Amino acid sequence: MRIVVTGASGGIGRALIRVAKRRGDFTIGISRSPSEADVHYQCDVLDLRCLERAAGEVGPVDGLALVHGHGDQRLWVKPLSELSGDDFIDVFKVDVIGSFNVVKAFLPSLTPGASVVLVSSTPGLIGDVYGIPYSVAKGAVAALARSLAKVLAPVRVNAVAFGPIATRWTGWISEEEVRGFGERTVLKRLGTPEEAAEAIYWLLSPASSYVTGHVLVVDGGESL
Ligand SMILES: NC(=O)c1ccc[n+]([C@@H]2O[C@H](COP(=O)([O-])OP(=O)(O)OC[C@H]3O[C@@H](n4cnc5c(N)ncnc54)[C@H](OP(=O)(O)O)[C@@H]3O)[C@@H](O)[C@H]2O)c1
């Protein structure tokens, strides 16, 4: 497969590139900083022209994985009383409009059997006390995936809602708090970036050929 991965420099994006390369796929990375993808475009997902330039160069695309995310530590811990409307708009722009931009830019490149995977989050489905703008944006990402599935068929569009996956955010809080996130799950641990990447990869691959408009929860049972 020829797979485009946004968030290619991040924890889950890097793992997805490793997983895809191991299986012989050609990977095209997108993020503002470099990645290990076979080809990389340093684009902001809010820069539609940059994305369209990349799409114009890469040729046919079988898989589009939208693994970028706003991920601002300050918004994650800000109490409700200090949150502003702009905080919501900032996260919404990157996670929702950014995902829309990437799909729009790569639409002409998608093969008829292509698969698009967006990344949501369990807080987007069940809420959370942390990062309310993030939860709201991730709920919208799930809604975007379902709508795109209806519009883009036979191209398949799905989302993965992750629970706590061990990437850079674990460095923002104490070890005890990290353990607390593990304890919130039924499996009593954080997921690894590879476990997250495998779920995305399954939805990208023909192994999931009759699955579209689905939000796959990969959270160690956190949302049960
Ligand atoms: N880790 C978790 O526990 C968890 C749980 C649920 C959902 N998720 C979601 O899974 C996805 C990946 O998470 P992660 O933990 O791998 O995140 P991460 O390590 O923080 O990586 C975030 C990625 O998004 C990219 N990005 C951010 N803003 C961007 C922009 N404006 N334009 C282009 N790229 C941008 C970053 O690249 P540059 O900074 O280089 O541009 C980076 O590659 C995110 O959508 C996240 O919300 C993660």
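In this tour, Ala, Val, Leu, Ile, Met, Phe, Trp, Tyr, Cys and Pro count as nonpolar, Asp, Glu, Lys and Arg count as charged, and the others, Gly among them, count as polar. The structure on the screen is a predicted model.

**First stop: the ligand and its shell**

Select the ligand, then display the residues around it. There are 28 of them, and S9, R32, S33, T167 and R168 come nearest. By the classes given above, this shell consists of twelve nonpolar, twelve polar and four charged residues.

**Second stop: contacts with oxygen atoms of the ligand**

Select T167 next. One of its polar side-chain atoms lies 2.5 Å from an oxygen atom of the ligand. Move on to R168, where a polar side-chain atom is found 2.6 Å from an oxygen atom of the ligand. Then select H68 and show its backbone: a polar backbone atom of H68 is 2.8 Å from an oxygen atom of the ligand. How much of the ligand's accessible area does the protein cover? On its own the ligand has 890 Å² of accessible area, and the protein covers 89% of this.

Now display the pockets. The ligand takes up the space of the largest pocket. Colour helix 1 (11-22), strand 5 (110-121) and helix 6 (132-152), which are the elements that give two or more residues to the shell around the ligand. Strand 5 provides the largest share of that shell, with three residues.

The largest pocket holds about 1200 Å³ of space. Its lining has 48 residues, and those nearest the centre are H68, G69, H70, G71 and R168. Two or more lining residues come from each of helix 1, helix 3 (73-77), helix 4 (85-106), strand 5, helix 5 (122-126) and helix 6. Which element gives the most to this lining? Helix 1 does, with four residues. The lining of the largest pocket divides into 21 nonpolar, 17 polar and ten charged residues.

Is the peptide bond between A153 and P154 cis or trans? The bond is cis, with omega near 15 degrees. P154 belongs to the loop between helix 6 and strand 6 (156-162).

Finally, select K188, in the loop between helix 7 (175-183) and helix 8 (193-204). K188 is not a glycine, yet its phi is positive, at about 60 degrees.

Definitions and conventions. Residues numbered from 1 in each chain as written. Predicted model: local features only at pLDDT ≥ 70, side-chain atom pairs only at ≥ 80, totals over all residues. Heavy atoms only, no water. Near = heavy atom within 4 Å. Polar contact = N/O pair within 3.5 Å; in protein donor to acceptor, adjacent residues only side chain to side chain. Areas by Shrake-Rupley, 256 points an atom, 1.4 Å probe, with all protein chains shown as cover. 1 Å grid on protein atoms, 1.4 Å probe; cavity = no way out; pocket = protein on both sides within 12 Å on 5 of 7 lines; lining within 4 Å. Sits in = over half its atoms within 2 Å of the grid points. Points joined across faces, edges and corners; volume = space filled by probe spheres on them.
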